[in-house]
Amino acid sequence: MAHRPSKKFKKTLFGSAAALVLAALNAPAAVSFAEEKYHAYKIAQPGYQRRFGSWAEIAVPDQYRINAIHAALLHTGKVLLIAGSGNSQKNFDAGTFETILWDPVKNTFKKIPTPVDFFCSGHTQLPDGRLLVAGGTARYEILDGEVKKAGGGMRVKNESPDKAVTLKKGTVFRSPSGVEYLSKADVTVPKAKREFEISYFESGQMKPWKTKVTAAEARVFVEAREEGPQALTTEAAQYEVVGLKGDAADDVYGLAQKLTTEKQDFQGIKGAYEFDPKAEKYIPVAPMKDARWYPTLVTLDDGKVLAVSGLNDVGDVVPGDNEIYDPGTKKWSKGPFRYFPTYPSLFLTKGGKLLYTGSNAGYGPAEKGREPGLWDLKKNSFTKLGGLTDPDQLETSASLILPPAQNQKVMVLGGGGVGESSRSTARTSIIDVSEDSPVFTDGPALPQGTRYLSSVLLPDDTVFTTGGSEDYRGRGGSDILKAQFYDPRSNAFTEAAEPTVGRNYHSEALLLPDGRVATFGSDPLFDDKDNTRLGTFEQRVEVFTPPYLHRAGADRPVLGEGPQELDQNGRATFKTKDAGRIAEARLMRPSAVTHTTDVEQRSVALGLTRSQNGTTVTVDVPEDRTLVPPGWYMLFVTDVNGIPSEAKWIQVGGRPPVGGPEPG
């Protein structure tokens, strides 16, 4: 008869010796557990944090968790997180559009009523501190094989010079063969243009007045009323607008050539709004002429804003029709014509030209508009720039003006192939646009090929980079849980503490006024390495505390009382007990970031003067508006060890009065 172990023996075995038994049965799991415990211990040590920094997750109440697609720091110190429909067809269909305002100091959250779907809009900081948000989503894409009804762009013509016409969503367009298509949005067609002509007989006698009418045109996406091959066409035809009577029936009609069941891309909206940080609400302004989805907005030296690219109201990349917003009149006007793929990275450089690094977020053909260059807006000339390694892997790359901005060096980091490519590059490249014939030269490589890398300027003149993935949208579990610092002075990377939250597509990072870096979002295709479980949007917020704050402890240089505007000489004086230890001052423009695109952030070196009695410091801001475009900036001072103060907000320039002069 076999001996059976006593209850006391079994209790002892599974109590005190359980770890040994588990280790024998599952050694890798035990080792992994031990490694995790040691890692958690190591990264919590003060010595480690003084060298590498630290990460902490922010507690976000469930009702304020959103799919952060856009993030912008406001001059109130609060962060605007915009989801719109958040890449959710369900939210879009329900008209559920979200914005959250986060106060990093108090860690409080507020829901902001969101008037339209700002999902994949563009945004930029205005001179008065408002945030301009323009474009967004009018219609979600339908992929190949899922399109059931033929559809496409309809050009709506109006030959009446007497009145504009508005056709509501659901208007029926009937083909010559009787097939009917329904418009998917409201569309307004302006009045036709009437011109008068005078001509003469050879004898010199005047002919009667002749009138020339040029039809006005607008676009709208239409979809067949019924499924079936009868609605497919690739031939140009004129379409009757059902329901119009009298002259309107003759004057207004549709023209279309291609109505198919091919993939139907996202479509943009024309709407534009200013977010008021004080009232904490969106305020409508004049809409753009073109609908835009995935546009870039960049503030120019005169305080106006250039809007470029994006998918239009029928899902095509805007062919090069760019627009300029005047914050004084709150209206749009025609800008210089030039084609770019969507979300192009455009940086204002000294002298007023825009540097296009080639970084972009996707839509557009692989062979068009992807070569870097300097764009002279006044002449509308474009000088191509060479020397870039892996020029075919600029999509989803990061770009930024290296600190300080006076050096006019711009860096490109990582990126991947066009579209859903699995290719990615570890390449970094730097260009000095102050040179007579600038070219890109290779910088130090990233640890591995990286798409969607977040790159943030810090007040100590280093660049903090974090996250990204090696494959498209993190496929194959390729999120990169690494971070590093780039130092422009040594042209080298050094290791930083590793984040715990993966960040790829639809992720953002920005500098906070206290010197920390906040990270948001991520929209992976899959949640596992085998690509079998559909991904979920990352709603956790993680904040990085750089080493300089761990070294400083409570002993940071402090700026005391001072102005929020510059004097007539471009200077501002602040009281401080730390004048003797303050070594440098930087103006840092707050971020407005989405899709790895942040053309706002820049760090400007300031002149610094200490009073004789050591109780004040005076900063001197460069007058060149191409170096310091008007707006609100964070003013940081640092000591000889690179430890920064908390930021003071200061306004450079401002918004002109309506009809008044340009800023400053």
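Visitor: Which residues form one aromatic cluster?

Guide: That cluster is made of Phe92, Phe119, Tyr140, Phe266, Trp293, Tyr294, Tyr343 and Tyr363. A word on the background: this is a predicted model, where local features need pLDDT of at least 70, side-chain atom pairs count only at pLDDT 80 or more, and totals for chains, interfaces and linings use all residues. Residues are numbered from 1 along each chain as its sequence is written, and side-chain values use heavy atoms, with hydrogens and water left out.

Visitor: How many aromatic pairs does a search of the whole structure find?

Guide: The search finds 29. Rings of Phe, Tyr and Trp (its six-membered ring) pair if their centres lie within 6.5 Å; planes under 30 degrees apart are stacked, over 60 edge-to-face, and the rest tilted.

Visitor: Why is the pair of phenylalanine 340 and tyrosine 356 called edge-to-face?

Guide: Their ring centres are 4.9 Å apart and their planes stand at 75°, so the pair is edge-to-face. Phenylalanine 340 lies in the loop between strands S25 (331–334) and S26 (346–348), and tyrosine 356 in strand S27 (residues 354–356), so the pair ties together parts 16 residues apart in sequence. Strands are DSSP runs of E, at least two residues, numbered from the N terminus.

Visitor: What sits over the ring of tyrosine 339?

Guide: The charged end of lysine 368 does, 4.2 Å from the ring centre. The term asks for NZ of Lys or CZ of Arg within 6 Å of the ring centre and within 35 degrees of the ring normal.

Visitor: What makes strand S32 largely enclosed?

Guide: Five of the five residues of S32 (residues 428–432) are buried, so the rest of the structure largely encloses this strand. Thr428, Ile430 and Asp432 point one way, while Ser429 and Ile431 point the other way.

Visitor: How do you know that strand S31 pairs with S32?

Guide: Two strands pair if DSSP finds at least two bridges between them. Five bridges join S31 (residues 409–413) to S32, and the two run antiparallel. Lysine 409 stands opposite aspartate 432 there. S32 also pairs with strand S33 (residues 440–442), antiparallel again, over three bridges.

Visitor: Which strands close into a barrel?

Guide: Six strands do, in the order S9-S16-S12-S11-S17-S18, with antiparallel pairing.

Definitions and conventions. Helix = DSSP H or I, 4+ residues; strand = E, 2+ residues; numbered from the N terminus. Buried < 20%, exposed > 50% of the residue type's maximum accessible area, 1.4 Å probe, protein only.
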